[in-house]
Amino acid sequence: MNELLHVYLSAWPTVWAMDTARYLVGATLMAAILALFWRAGLARRKLQPRDPIPGQRRREILASLRTAFIFSLLGAIVAVGDHQGWITIYKGFSHAGPLYLVLSLALMLVAHDTYFYWAHRAMHHRRLFGLFHRTHHLSRTPTPWAAYSFAVPEAVVHAAFVPLFLLVVPMHGLGLLAFGIVQILRNVMGHAGAEVHSAAFGPGRWLGWNNTTTHHDLHHEAGRYNYGLYFRWWDLAMGTEHPDYGAKFKAIVSPGVAVPAPVGAGNAIARAIAASVLVGGLLLAVDPAQADEGLAGRWMTPGAAAIVELAPCSGTSGLCGTIRWLWDAVDEKGRPRLDAQNADTSLRARPLVGLSILSGLTQSSKGGWEGRIYNPEDGQTYRATVRQTAADTLAIEGCVLFICQKQMWRSTSALTTALR
Ligand SMILES: [Zn+2]
Ligand SMILES: [Zn+2]
């Protein structure tokens, strides 16, 4: 017994360091590629009009680091299994040649895709979703940092695959290493937020059987489709692929082709894109005198997701911001969306429309405005800085410690002018 514990404890630090490093290197690499090539073309391949919300990346990173820790707790059991002979992780090629290594790796990826598809679909069942999978879907507009952003029970489900597979199939150490690398790379690519695959990955093309960023991004956006991890096979076989996938991928990788009007869930995005194009196009027509009016007024968040009214706070000093309108004000069943993530359970029955999300905004010595912003998507409150960058544009920055998220809000007056 002591010996097993010794094997486990001596393997664990290496497994933990490797799982954590794999995530950090993979996500950093993807974030760097996005930053480097954003202006050179990736900006045109952005998949959703909205931006990640304030505090989202910080939440994704913390949850992912926790997942890497859980992966290592289960991963170190593999070392014990190897030591005891329950499983086989071999080195060298005396038992099996390089061909076996390649075939076993391919088998492992196909098996993982199958395991992932069915576990993922099960976690979308309404009785399991809250406990297992809601954390991952807090990222409606995912970033590469969301790769391992799972609740603890979901992390355990994913961590169980490697030990279970090794009970059946002996693997070369290099095969396992390659599996880990492919897994994180495909994962950060799926969460990139802008399409990073070439046109050759389009449906019907020679690499079209693979998933793409568009494929998994639609899952985050629409929720109901595209459960697969690496390949489209299971979604195609089970009829769960998003009906707009092929058209959206094609439109996004072929510059100059208009995004087709999607059906169903995708419709809101098309209208949001149309609204933001409309508003953006009218920036030049805005009356410059409006700048003198300060921040008070109605402002639209990215993708016309919400309209927030800034007005003097009642009772306290400064400006407060209240949600006056939401694109998704009600769910599919017509029930109003509630402040369901609030840490204070007694406040969770509040409807989001009418909720005060910005409070105590006062002019700071540095030129902008400072106050607090409440993010209903994660139930947390952040330090907020607001700057008016143009007559009809506000830059809102929400920070926790030194990690900040910025988004631009537009005055609704540009929209009303357009609709006249
Ligand atoms: Zn999901
Ligand atoms: Zn995801």
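Buried means under 20% relative accessible area, exposed means over 50%, and partly exposed lies in between (1.4 Å probe, protein chains only). Helices (H or I, at least four residues) and strands (E, at least two) are DSSP runs, numbered from the N terminus. This is a predicted model; local features need pLDDT of at least 70, side-chain atom pairs count only at pLDDT 80 or more, and totals for chains, interfaces and linings use all residues. Residues are numbered from 1 along each chain as written, chains are lettered from A and ligands numbered from 1 in the order written, and side-chain values use heavy atoms, without hydrogens or water.

**View 1. Helix α9 is mostly covered.** The helix spans residues 213–222, and nine of its ten residues are buried. Among them are His215, His216, His219 and His220. At its start, a side-chain oxygen of threonine 212 comes within 3.4 Å of the backbone nitrogen of threonine 214. This is a polar contact if N or O atoms lie within 3.5 Å; within protein, one must be able to donate a hydrogen and the other to accept it, and residues adjacent in sequence count only if both atoms are side-chain atoms. Just after α9, glycine 223 has a positive phi of about 80 degrees.

**View 2. Five histidines hold the zinc ion (ligand 1).** Donors are N, O and S atoms within 2.8 Å of the metal (3.2 Å for Na, K and Ca); water is not among the atoms, so sites may look incomplete. Histidine 120 and histidine 124 are both buried.

**View 3. The zinc ion (ligand 2) has an irregular site.** His136, His191, His216 and His220 each donate NE2, at 2.0 to 2.1 Å. The donor angles run from 92 to 155 degrees. Four donors count as tetrahedral if all angles lie between 85 and 135 degrees; four count as square planar and six as octahedral if opposite donors are over 155 degrees apart and all others between 65 and 115; anything else is irregular. Histidine 136 is in helix α5 (residues 134–137) and histidine 191 in the loop between α8 (173–190) and α9, so the pair ties together parts 55 residues apart in sequence. Histidine 136 is buried at 3% relative accessible area.

**View 4. Leucine 73 lies in helix α2 (residues 56–84).** Leucine 73 is partly exposed, at 32% relative accessibility. Its C-alpha atom is 7.7 Å from that of tryptophan 16.
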